[in-house]
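What follows is a short report for a reader who is meeting this structure here.

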Amino acid sequence: MIYRLAAENDIDEICGLVKAAVHKMQENNNFQWDDFYPARENFLDDIGKQQLYVGVLENHIAIVYAVNKKSEEDYQNGSWEYTGGDFRVIHRLCVNPAFQHRGIAAETLDYIEEELRRSNVKAVRLDVYSLNSAAQSLYFGRGYKKVGFVEWEKGIYYLLEKLL
């Protein structure tokens, strides 16, 4: 897998893989994402801020994700273990359905965490939809801990953290 910053010329492929992923999620009764979120504009904004990344495999984008310091205001509801310094938040991690069930999400989390360690980041945070059992299994299996929850329009989201 080759990881790199996403570029504007990736946007059509990113939106296509996300649309396919949303369809697959909805087939499995997971309605956290839809035609409105995440939107093309979210990804273009991430690209403009140089915080959107892709993992390329077999000449296709296999995974897309954003990493930054931005957290929703409701993240204040978390009982974060690490409060002393630099942390990052993972957003919109999405595996291309054509590459699912190949360990790509786990491999990517390892990559993200290693890159953050090299930059002296001490913790990773994210939220996961309470009805997305596959994502929960991934994160809990990789050592992320539930530190709270928030209730947004689509339902309850767990706040997770991993100390690096």
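## Overall layout

Helices (H or I, at least four residues) and strands (E, at least two residues) are taken here as DSSP runs and are numbered from the N terminus. By that definition the protein has four helices and seven strands, and along the sequence these follow one another in the pattern β-α-α-β-β-β-α-β-α-β-β. The model is a predicted one, in which local features need pLDDT of at least 70 and side-chain atom pairs count only at pLDDT 80 or more, while totals for chains, interfaces and linings use all residues. Residues are numbered from 1 along each chain as its sequence is written, and side-chain values use heavy atoms, with hydrogens and water left out.

## Size and surface

The C-alpha trace spans about 40 × 35 × 30 Å along its principal axes.

Accessible areas come from the Shrake-Rupley method with a 1.4 Å probe, and for residues only the protein chains shown count as cover. The accessible surface of the protein comes to about 8,900 Å², and 46% of that belongs to carbon and sulfur atoms. A residue is called buried under 20% relative accessible area, exposed over 50% and partly exposed in between (1.4 Å probe, protein chains only); buried residues make up 49% of the 164 residues. If contact is taken to mean heavy atoms within 4.5 Å, then residues 24 or more positions apart account for 69% of the contacts with a separation of 6 or more.

## The nonpolar cores

In soluble globular proteins, nonpolar side chains tend to be buried together. A nonpolar core is defined here as a set of buried Ala, Val, Leu, Ile, Met, Phe, Trp, Tyr and Cys residues joined through side-chain atoms within 4.5 Å. The largest such core in this model has 25 residues, of which Ile-90, Leu-93, Tyr-139 and Tyr-144 touch the most other members. Two or more residues of this core come from each of strand E3 (60-68), strand E4 (87-95), helix H3 (104-118), strand E5 (123-129), helix H4 (133-141) and strand E7 (155-163), and H3 gives the most, with six residues.

Which residues is Ile-90 in contact with, once neighbours within four places in sequence are left aside? They are Ala-66, Val-67, Leu-109, Ile-112, Val-124, Arg-125, Leu-126 and Tyr-144. A second, separate core has 19 residues, among them Ala-6, Ile-11, Ile-14 and Val-56.

## Aromatic rings and charges

Rings of Phe, Tyr and Trp (its six-membered ring) count as a pair if their centres lie within 6.5 Å, with planes under 30 degrees apart called stacked, over 60 edge-to-face and the rest tilted. The structure holds seven aromatic pairs. In one of them, Trp-33 and Tyr-37 have ring centres 6.5 Å apart and planes at 80°, so the pair is edge-to-face; Trp-33 is buried at a relative accessible area of 8%, whereas Tyr-37 is partly exposed at 35%. The rings of Tyr-139 and Tyr-144 are also edge-to-face, because their centres are 5.6 Å apart and their planes are at 70°, and both of these residues are buried. Tyr-129, Trp-152 and Tyr-157 form one aromatic cluster.

A charge is said to sit over a ring if NZ of Lys or CZ of Arg is within 6 Å of the ring centre and within 35 degrees of the ring normal. The charged end of Arg-125 sits over the ring of Phe-87, 3.9 Å from its centre, and Lys-146 lies over the face of Tyr-158, at 4.0 Å from the ring centre.

## Individual residues

Tyr-37 is joined to Pro-38 by a cis peptide bond, with omega about -5°, and Pro-38 belongs to the loop between helix H1 (11-27) and helix H2 (40-48). Gln-136, in helix H4, counts as buried at 13% relative accessibility.

Glu-58 is not a glycine, yet it has a positive phi of about 55°; this residue lies in the loop between strand E2 (52-57) and E3 and counts as exposed at 52% relative accessibility. Arg-92, which is not a glycine either, has a positive phi of about 55°, but its place is in strand E4, and it is buried with a relative accessible area of 13%.
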